[in-house]
Amino acid sequence: MDHEYYMKQALALAEKAIGYTSPNPMVGAVVVKDNKIVGQGYHQSFGQPHAEVNALNDAGTQAKGARLYVNLEPCNHTGKTPPCTHAILESGISTVVMAMTDPNPNVAGKGGQFLKEKGLSVISGVCEKEAKFLNQAFYKFIQTGIPFVTMKYAATMDGKIATQTGDARWISNETSRHYVHQMRHANDAILVGIGTVNNDNPSLTTRLPEKQGKDPVRIIVDTHLKINPQAKVLTQKSGAKTILACAADVSKKRAHLYQSQQVQILPIELQKKRVDLGSLMTALGRMNITSVLIEGGSQIHSSAIQAGIVDQVCCFIAPKILGGDGYPVCHGDAPLEMQYAQSVNNIRIKRFGDDIMIQGTLKAYD
């Protein structure tokens, strides 16, 4: 029996739910009998049946004596849905193969232990690395209550994200930009600074073929609440709201200019006369925002790195050179010696036409 083969099928199913299950993890499951898949399913959205239940329902009576492959430990507690472990027992499954235990410190290992006590064979750790990568946002959030933060940018080969006039259209190619919209769909929220809004007037929505994606919550870091009331992020039609993160002492009169059903004013304490990004992440975590995609600009990038909130960097390098002044990826205070530069680990490289995407982590949650 090839446990890895069937677990990869479960992981592929789980990926179908990218962007739809937060704050729950993405989970897929397959039921295997006589080395054939007889049932499959995945957790399609928050509040809906879990992957195991969908796979068992698909298998029906063929689940008896079969193996269940699932990329996360089955739950043994009642939440939005009943415990999956009970459904597994009732189905007659004989063996459960899981990629990883539940990272929630309050429930980790309890599902697997319960099934063992009931006489089932339980195998853990199959494709564990892949499973943790898929659910890295959930992994961090469930342990810390703070969103998983990805810093994304597109740059020329000489490290510029815009010309000296602020023009950035387009550094990366269309294929890269399509992937970025997939990233927006996958994240709960997208964050930019007020400078980016003033310069580009972006929509910060997800634009995928046939309107397949969901819009992330838009977060604008605007210390003094100077955003144009007619900015697209405040006026466009969208299924997601816009949050204006500002200083707590901004006048109520000014704040009243922006408040609506689609706009939320979020006062945050200041650090060096700017919105403290660490405090902002804590506040977003309390709002059940599990993942944040930072898209700029230079000062926000620098502040995020220096504040230590960035978990992952996703850099698109385009085959272009400005050869002179322009906006750098980061602009702000930085270490004076290279030995204090932060290391990027777990490097993944992917090509989008002539663009190269370099992805890596600054932190690990394992």
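Which backbone nitrogen does the side chain of Asp-355 reach? The side chain of Asp-355 reaches that of Asn-173, at 2.7 Å. The structure is a predicted model, in which local features need pLDDT of at least 70 and side-chain atom pairs count only at pLDDT 80 or more, whereas totals for chains, interfaces and linings use all residues. Residues are numbered from 1 along each chain as its sequence is written, and side-chain values use heavy atoms, with hydrogens and water left out.

- Asp-355 belongs to strand E18 (residues 355-361); helices (H or I, at least four residues) and strands (E, at least two) are DSSP runs, numbered from the N terminus.
- Asp-355 is buried and has no salt bridge, Arg-177 being the nearest side chain of opposite charge at 6.8 Å.
- Buried means under 20% relative accessible area, exposed over 50%, and partly exposed in between (1.4 Å probe, protein chains only).
- In the assignment of charge, Lys and Arg count as positive and Asp and Glu as negative, while His and the chain ends are not counted.
- The side chains of Asp-355 and Ser-176 are joined by a polar contact of 2.7 Å. A polar contact is a pair of N or O atoms within 3.5 Å; within protein, one must be able to donate a hydrogen and the other to accept it, and residues adjacent in sequence count only if both atoms are side-chain atoms.
- Apart from neighbours within four places in sequence, the residues in contact with Asp-355 include Ser-172, Ile-317, Pro-319 and Lys-350, where contact means heavy atoms within 4.5 Å.

**Salt bridges**

- The count is six salt bridges, each a side-chain nitrogen of Lys or Arg within 4 Å of a carboxyl oxygen of Asp or Glu.
- Glu-295 pairs with Lys-152 in a salt bridge whose closest N and O atoms are 3.7 Å apart. Glu-295 lies in the loop between strand E14 (291-294) and helix H12 (298-307) and Lys-152 in strand E6 (residues 148-155), so the pair ties together parts that are 143 residues apart in sequence.
- Glu-295 is buried at 15% relative accessible area, and Lys-152 is buried at 11%.
- A network of salt bridges links Lys-152, Arg-184 and Glu-295.
- Glu-4 forms a salt bridge with Lys-8, with the closest N and O atoms 3.2 Å apart. Because Glu-4 and Lys-8 are four residues apart in helix H1 (residues 3-15), about one helical turn separates them.
- Arg-351 and Asp-354 form a salt bridge with the closest N and O atoms 3.6 Å apart; Arg-351 is exposed at 56% relative accessible area, and Asp-354 is exposed at 55%.

**Backbone geometry**

- Most residues other than glycine have a negative phi, and most peptide bonds are trans.
- A cis peptide bond with omega of about -15° joins Arg-169 and Trp-170; Trp-170 is in the loop between strand E7 (160-163) and helix H7 (174-186).
- Gly-296 and Gly-297 are joined by a cis peptide bond with omega of about 5°, and Gly-297 is in the loop between E14 and H12.
- Leu-225, which is not a glycine, has a positive phi of about 55° and is buried at 0% relative accessibility.
- Lys-273 also has a positive phi, near 65°; Lys-273 is exposed, with a relative accessible area of 72%, and sits in the loop between strand E12 (270-271) and strand E13 (274-275).
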